[in-house]
Amino acid sequence: AVWKGRKSAFAAVGRISPAYIVQDGVVPRTALPEVLADIDRISREHGIRVANVFHAGDGNLHPLVLFDDGEPGAAERAELVSGRILDLCVEHGGSITGEHGVGVDKSRYMTKMFSEEDLATMQLVRCAFDPAGLSNPGKVFPTPRLCGEAPGVRRGAHPLVESGQAEQF
């Protein structure tokens, strides 16, 4: 019953909020009480609700940052809260990603954990395994962004579909 409840959390939140950001970070288990209290404080400060879903056993956090995308400024406040949650993870000895990796939306937080030398080394390793840049181009190490790579709901067709270079199924 507990597992069924956990697996239903995301769908349930979709019924109480018109939009939400799913975040992913990790903290040491001993930091969970303090981090959850800080998330609550930040949530109240910005007027953005946060539904905390997490793996208490390993410190993986999946806070759902709830907002009404029809309310002016709400999406921006939600992004701010979402980023502040990642800051908390790093501040408490954790990471900006627990189990789902770093995508476009989290690439701007890489410098909070890694030096320029670290990032340059990561890029060299990536290039060694993918010299043609075919694997997830523009992800983690940003290239000029396409509208489909921006966080949020895409408005209109992807530029590659519009140019005839790709087909949307």
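Predicted model: local features only at pLDDT ≥ 70, side-chain atom pairs only at ≥ 80, totals over all residues.
Q: OK, what sheet is that? What's the order of the strands?
A: The order is β1-β6-β3, in an open sheet of three strands with antiparallel pairing.

Q: Which strands stand at the edges, and why does that matter for their neighbours in the sheet?
A: Those are β1 (19–22) and β3 (50–51). Each has a single partner strand, so one side of each is left without a neighbour in the sheet.

Q: How many bridges are there between β1 and β6?
A: Four bridges, and the pairing runs in the antiparallel sense, with β6 covering residues 64–67. If you want to trace it in the structure, Val22 has Leu64 in β6 as its bridge partner, and Tyr20 has Leu66.

Q: And how many bridges do β3 and β6 pair over?
A: Two bridges, again in the antiparallel sense. Here Ala51 has Leu64 in β6 as its bridge partner.

Q: Which helix packs on the sheet?
A: That's α4 (residues 74–91), which touches β1, β3 and β6. Its direction makes about 165° with that of β6.

Q: Switching topic: how many residues has the largest nonpolar core?
A: It has 19 residues. Those with the most contacts inside it are Val27, Ile39, Leu61, Val65, Phe67 and Val81.

Q: Which elements give two or more residues to this core?
A: Four names to look for: β1, α3 (32–46), β6 and α4. The largest share, six residues, comes from α4.

Q: What is Leu61 in contact with, leaving aside its neighbours within four places in sequence?
A: Quite a list: Gln23, Asp24, Gly25, Val27, Leu32, Val35, Ile39, Val53, Phe54 and Cys89.

Q: Zooming out, how many helices and strands does the chain have?
A: There are six helices and six strands. Reading from the N terminus on, the elements go α-α-β-β-α-β-β-β-β-α-α-α.

Q: What percentage of the residues in the chain is buried?
A: Buried residues make up 34% of the 169 residues. As for the surface, the chain exposes about 10300 Å², and carbon and sulfur atoms supply 57% of that.

Q: What share of the contacts in the chain with a separation of 6 or more comes from residues 24 or more positions apart?
A: They account for 58% of those contacts.

Q: Now charges. How many salt bridges does the structure hold?
A: Nine. One of them joins Lys106 and Asp24, with the closest N and O atoms 3.5 Å apart.

Q: Where do Lys106 and Asp24 lie?
A: Lys106 is in the loop between α4 and α5 (116–129), and Asp24 is in the loop between β1 and β2 (25–26).

Q: Is Lys106 buried or exposed?
A: Lys106 counts as buried, at 4% relative accessibility. Asp24 is buried too, with a relative accessible area of 5%.

Q: Which residue does Asp40 form a salt bridge with?
A: With Arg44, and the closest N and O atoms are 3.0 Å apart. Both lie in helix α3, four residues apart, which is about one turn of the helix. Asp40 counts as partly exposed at 38% relative accessibility, and Arg44 as exposed at 57%.

Q: Last one: which residues are linked in a network of salt bridges?
A: Arg84, Asp87, Glu91 and Lys112.

Conventions: Residues numbered from 1 in each chain as written. Heavy atoms only, no water. Pairing = 2+ DSSP bridges. Contact = heavy atoms within 4.5 Å. Axes fitted to C-alpha atoms, helices over the stretch in contact; angles between N-to-C directions. Core = buried A, V, L, I, M, F, W, Y, C linked by side-chain atoms within 4.5 Å. Buried < 20%, exposed > 50% of the residue type's maximum accessible area, 1.4 Å probe, protein only. Areas by Shrake-Rupley, 256 points an atom, 1.4 Å probe, with all protein chains shown as cover. Salt bridge = Lys/Arg side-chain N within 4 Å of Asp/Glu carboxyl O.
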